Amino acid sequence: MEDRIFAENMRKDILTSAFKAGNNGAHIAPSLSCVEILAALYNGILKYNKSDPFDEARDRLILSKGHAGLALYAALYEAGLISQKDYDSFEENGGDFPGQPSKNIEKRIEFSGGSLGMGLSYGIGLALAGRRVFVILGDGECNEGSIWESAMFAGHRKIQDLTVIVDLNGMQADGKSADILTFDIKKMWEACGWIVEECNGHDVQALKIKLSQAHNQPKVILAHTVKGKGVSFMENAREWHHGKLTQAQLTQAISEITGGDYGN
Amino acid sequence: MEIKPSYLRTLSMLGQRGVFGTTLTQLAEQNENIVALAADLCNTSGLDRFQKTFPQRFYNTGIAEQNMIGIAAGLASCGKIPFAATFSNFASLRSCEQVRHFLGYMRENVKLVGFGAGFSFGMFGTTHYALEDIAALRAINNVIILSPADGLATLKAVEAAAKISAPVYLRLSGTMNNPIVYQQDFDFEIGKAITLRNGSDIVIMATGSMVYNALKAAEKLEEDDISVKVVDIHTVKPLDVQAVTAACDAKLIVSVEEHSTIGGLGSAIEETMALKSRRPAHLIIGTKPFYPHAGEYAYMHDVHDLTPEKIALKIKNTYEEICK
């Protein structure tokens with residue numbers, strides 16, 4: 001599938017599911033933020049076996065910022081790895097696709113997310129066991145000390161098959177990261193011994209190029225994104241970190257997304 | 001299997017940490033999936049021989065216990081059998097949420113080894129005591145808690161942990177040259193308590209380092225014609241419910257642990273007995289509710305009334321009160 005269509009479909013999937021979640025609401029803006037990151041991974045970068053989710057040779061995608069679970073489910077659905085029925089069961093009581101993913105290899109969910117700062121250490125364990133690993137972190141998540149324990153370790157051991165993508169949208173639950181906790185994220189990763197790359201996190205082609213390059217030490221891609229990307233009233237709006245959509249808002253959001261100029 | 005006294009003396013001399021390290025190295029020779037992790041405490045963990053023998057299967061994370069547990073979980077998800085060791089306090093409280101997330105929620109096959117439980121590191125002081133580890137980890141679903149009584153029991157606990165496909169917290173207590181509880185070979189089955197001595201008036205259920213002291217206390221009580229059964233609860237979770245039910249026939253149940261009286265073995269026994277209509281009184285013996293000034297291991301036992309003499313006295317007083 002064309003990357004632009006893959007990403008556009010994902011956005012529509014996310015909004016439609018979030019609307020159907022009704023009063024439960026969903027983490028809509030954090031999901032829209034990492035659409036292209038997941039599109040790049042699931043539409044060309046990740047190696048997976050379409051008929052066997054347990055295939056040990058598969059690449060591992062660890063969504064450490066688990067609140068973007070809806071975006072992960074949308075990517076799995078667009079890649080044909082889960083069924084429409086599965087996708088439509090988002091936030092069903094007792095279902096396999098809750099707000100924050102719960103490890104379920106049969107359903108292609110590699111990691112239980114939700115508690116921030118957990119995914120990188122787990123990804124390192126997978127890489128030490130010989131797997132090719134991609135970990136998606138939030139920039140707010142990088143406030144967690146445990147991230148830096150892991151970053152130092154991976155840098156020290158020069159773990160090769162490990163790539164982190166930071167969804168760098170400059171926002172977190174309480175607002176702008178710049179107002180909450182500032183640090184030079186690029187220098188932090190460099191100091192830990194990582195190759196640091198930067199790109200537009202809404203440019204699938206740029207992401208794919210960065211994700212394809214071989215590296216002999218761990219690599220982090222600082223993917224510059226916009227929280228709530230594609231929906232004017234959600235972009236950089238703190239209240240859409242987790243929210244509920246009305247029918248009118250859904251209609252407006254879908255119309256804004258259709259034929260958008262990102263996800264190329 | 002015949003076990004020579006000299007071998008038991010070696011296990012005693014090594015202490016539980018030493019036995020853990022040597023046993024794991026031996027197991028690793030037979031099972032290539034076994035790997036070990038330490039957080040800058042390789043020697044203290046008893047893992048120096050493992051590191052030298054299997055450098056490619058040993059990971060030192062630096063002083064980063066939370067990261068160590070996450071890495072262990074990732075390795076476990078790929079079929080490795082990781083043993084991750086650090087002080088009990090750091091394994092359980094510093095990394096509590098990692099234990100809940102990776103061992104409890106995700107059920108990864110990690111063996112978390114906490115050493116220095118109770119007051120084992122006497123002079124190090126409160127930061128290095130583990131008095132709340134059982135309480136914290138017992139509340140986490142899916143985690144087996146093992147607490148061996150001596151060197152031979154530790155050897156068997158490590159073997160059992162490696163064999164079972166489930167997350168385990170292995171609580172190591174005592175010091176080097178620890179007293180010998182098991183003089184001969186025995187069957188160690190996870191979840192099955194072991195009766196070490198029979199008696200009809202009182203049942204003492206003890207765990208870890210306190211099993212030996214409980215046996216000694218029972219001997220003293222026998223001198224006063226009080227008949228005491230002693231049971232080794234080497235598996236604190238899942239607790240041997242049958243053993244607790246059987247103990248309800250006694251006039252008094254006593255639990256002894258080198259741990260807070262809140263949330264540990266005593267609480268586990270009490271939770272099990274709560275619904276029984278016919279049950280005896282239960283004396284919960286554990287550490288006192290304050291953080292003490294540091295001192296040698298024996299001194300700490302004395303301050304907290306955990307010596308055999310003080311345990312026996314407390315039990316005798318309670319028993320006489322009940323029998324009035």
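Reader: In which loop of chain A does Lys158(A) lie?
Author: This is a predicted model, in which local features need pLDDT of at least 70, side-chain atom pairs count only at pLDDT 80 or more, and totals for chains, interfaces and linings use all residues. Residues are numbered from 1 along each chain as its sequence is written, while chains are lettered from A and ligands numbered from 1 in the order in which they are written. Helices (H or I, at least four residues) and strands (E, at least two) are DSSP runs, numbered from the N terminus. In chain A, Lys158(A) is found in the loop between α7 and β3 (162-168).

Reader: Is Lys158(A) buried, partly exposed or exposed?
Author: A residue is buried if 20 or more other C-beta atoms, placed from the backbone, lie within 10 Å of its own, exposed if 12 or fewer, and partly exposed in between. Lys158(A) has 13 other C-beta atoms within 10 Å, and therefore counts as partly exposed.

Reader: What is the phi of Lys158(A)?
Author: Most residues other than glycine have a negative phi. Lys158(A) is not a glycine, yet its phi is positive, at about 50°.

Reader: Is Asn177(B) buried or exposed?
Author: Asn177(B) is not a glycine either, and has a positive phi of about 55°. This residue sits in the loop between β6 (168-171) and β7 of chain B. Because 11 other C-beta atoms lie within 10 Å, Asn177(B) is exposed.

Reader: Is Lys229(A) buried or exposed?
Author: Lys229(A) belongs to the loop between β7 (219-224) and α11 (247-257) of chain A. With 25 other C-beta atoms within 10 Å, Lys229(A) is therefore buried.

Reader: How far apart are the end C-alpha atoms of helix α8 (residues 210-223) of chain B?
Author: The expected span of a helix is 1.5 Å times one less than its number of residues. The 14 residues of α8(B) should therefore span 20 Å, and this agrees with the distance between its end C-alpha atoms, 20 Å.

Reader: Which strands and which helix of chain B do the buried residues of α8(B) pack against?
Author: The buried residues of α8(B) include Met210(B), Tyr212(B) and Leu221(B). Residues are in contact if their C-beta atoms, placed from the backbone, lie within 7 Å. The buried residues of α8(B) pack against β7 (194-197), β8 (202-206), β9 (228-232), β11 (252-260) and α12 (308-323).

Reader: Which residues of α4(A) make the contact with α3(A)?
Author: Helices α3 (residues 35-45) and α4 (residues 69-78) of chain A pack at an angle of about 35°, with axes 10 Å apart; axes are lines fitted to C-alpha atoms, for helices over the stretch in contact, and angles run from 0 to 180 degrees between N-to-C directions. On the side of α3(A), the contact is made by Val35(A), Leu38(A), Ala39(A) and Tyr42(A). On the side of α4(A), the residues are Ala71(A), Leu72(A) and Ala75(A).

Reader: Which element gives the most to the side of chain A that touches chain B?
Author: The contact takes 18 residues from chain A and 19 residues from chain B. On the side of chain A, two or more residues come from each of α6 (119-128) and α7 (145-156). The element that gives the most, with seven residues, is α6(A).

Note on methods. Two residues are in contact if their C-beta atoms, placed from the backbone, lie within 7 Å.
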